[in-house]
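Please look over the sequence and the structure first.

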Amino acid sequence: MNFSVLAEAFESLEGTTKRLEMTDILVDLFKQTPKEEVDLVAYLCLGQVYPPFVGIELGLADKLVMKTLAEVTGVKPEAVQNDYKRTGDLGKTAEGLLAKRAQRTLSRKRLTVRKVYETFERICRSTGSGSQEAKMSLLSSLLVEATPKEASYVVKIALGKLRLGVADMTLLDTLSIAYAGGKEAREDVERAYNLSSDIGYVTKTLAENGVKAIKSFRVTIGKPIRSQLAERMASLDEILSKLEGKAAAEYKLDGIRIQAHVSKDKVQLFSRREENVTGQFPDVVQEIRQSSTAKEAILDGECVPLDPNTGDLLPFQVVSQRRGRKHEIESMTREVPVAYFLFDLLYLNGRDFTLLPYPKRREALEQIIKETDRVRLTPRMISSDAKDIERFFEKS
């Protein structure tokens with residue numbers, strides 16, 4: 001499929017804030033897309049090349065893209081920078097500069113979705129010495145074939161600044177309508193996405209094999225399960241009423257939510273946004289290995305910073321120093337030690353625990369965790385009395 005089809009759809013999406021209109025545009029787009037490319041289109045609609053848990057990104061900065069634009073268009077780098085300051089959008093700058101190129105002809109080679117995606121893949125995998133030059137060369141190969149409008153979206157995706165207003169939930173509505181006959185299949189499609197965290201894989205499976213294949217999705221060690229989030233309610237009485245008069249109350253800890261995937265060979269850690277953060281917390285990996293008795297498990301919990309001298313819990317701002325860090329990891333584990341507080345069990349030794357009620361999940365969690373100073377169960381209490389829960393809340 002020509003990339004121009006995608007660019008036209010992106011332009012239409014930028015022109016509306018209405019979710020139903022967005023869904024209609026996306027349904028039309030996916031119905032035009034060959035089945036062998038639906039996963040690529042799904043990723044690109046979210047400005048991705050891979051799901052976040054793969055941990056591979058384009059790594060293109062504004063300066064590198066501006067330098068590439070200057071070389072492709074023959075414009076001085078200062079002129080590119082000045083235009084960028086004027087527009088505030090490097091995609092618009094690319095579109096404007098390429099529109100002024102007199103040598104563009106109708107005979108140019110058409111840019112395809114696959115060419116764009118595969119070039120982005122090569123950019124992602126360009127590392128080490130000479131990688132910056134390689135990235136520039138690859139990006140240039142797209143821009144010299146792109147129309148001004150196509151160039152705009154190539155640049156926005158490259159920079160991670162595609163702002164279409166399309167969320168993954170909108171895409172799930174789209175896929176249900178385009179490939180499953182309507183929103184009746186939405187629940188099955190969303191569950192498949194929640195279990196895999198891979199929009200491209202869900203899209204391709206649904207397009208090629210239908211809802212039956214989607215229903216067969218299973219939890220997989222190494223693929224993060226999308227985090228279940230809290231629901232706000234007005235009062236403890238209302239919460240107790242919804243839970244038939246009895247509730248478990250847990251401390252809400254001020255740290256980084258971490259999902260731990262434990263297998264025979266390794267422990268992998270994922271953030272709430274499904275990013276692989278294993279390398280940032282080698283101490284947590286080691287502690288989980290010593291604490292967990294499970295052969296395979298997916299644990300959910302919160303990494304909370306500790307005062308290295310007193311062991312007291314510290315605010316989130318302290319542990320945030322360890323996020324995204326690639327250097328001096330060992331020294332940071334000493335300076336900012338953390339404790340991993342567990343509150344849920346999602347998978348255990350081949351069994352999907354996401355289908356079980358919370359009490360059974362917590363009971364199983366308690367059976368497979370040997371608490372230590374660094375791996376603990378989140379403090380909780382169970383009660384039918386709102387006043388008891390209120391006192392627990394104040395204590396927390």
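## Helix H1 and its cover

The cover over the buried residues of H1 includes H2, H3, helix H7 (113-124) and helix H9 (148-159). The model is predicted: local features need pLDDT of at least 70, side-chain atom pairs count only at pLDDT 80 or more, and totals for chains, interfaces and linings use all residues. Residues are numbered from 1 along each chain as its sequence is written, and side-chain values use heavy atoms, with hydrogens and water left out.

Helices are DSSP runs (H or I, at least four residues), numbered from the N terminus. Buried means under 20% relative accessible area (1.4 Å probe, protein chains only). In H1, the buried residues are Phe3, Ser4, Leu6, Ala7, Ala9, Phe10 and Leu13.

| Helix | Residues in the contact |
|---|---|
| H1 | Phe3, Ser4, Ala7, Glu8, Phe10, Glu11, Glu14 |
| H9 | Lys149, Glu150, Tyr153, Val154, Lys156, Ile157 |

These residues divide into 6 nonpolar (Ala, Val, Leu, Ile, Met, Phe, Trp, Tyr, Cys and Pro), 1 polar (the others, Gly among them) and 6 charged (Asp, Glu, Lys and Arg).

## Thr33

Thr33 sits in the loop between helix H2 (19-32) and helix H3 (38-45). Is Thr33 buried or exposed? Thr33 is buried, at a relative accessible area of 7%. Thr33 touches Met1, Val38 and Val41, leaving out residues up to four places away in sequence. A polar atom of the Thr33 side chain lies 2.8 Å from the backbone oxygen of Leu29.

Conventions: Helix = DSSP H or I, 4+ residues; strand = E, 2+ residues; numbered from the N terminus. Buried < 20%, exposed > 50% of the residue type's maximum accessible area, 1.4 Å probe, protein only. Polar contact = N/O pair within 3.5 Å; in protein donor to acceptor, adjacent residues only side chain to side chain. Contact = heavy atoms within 4.5 Å.
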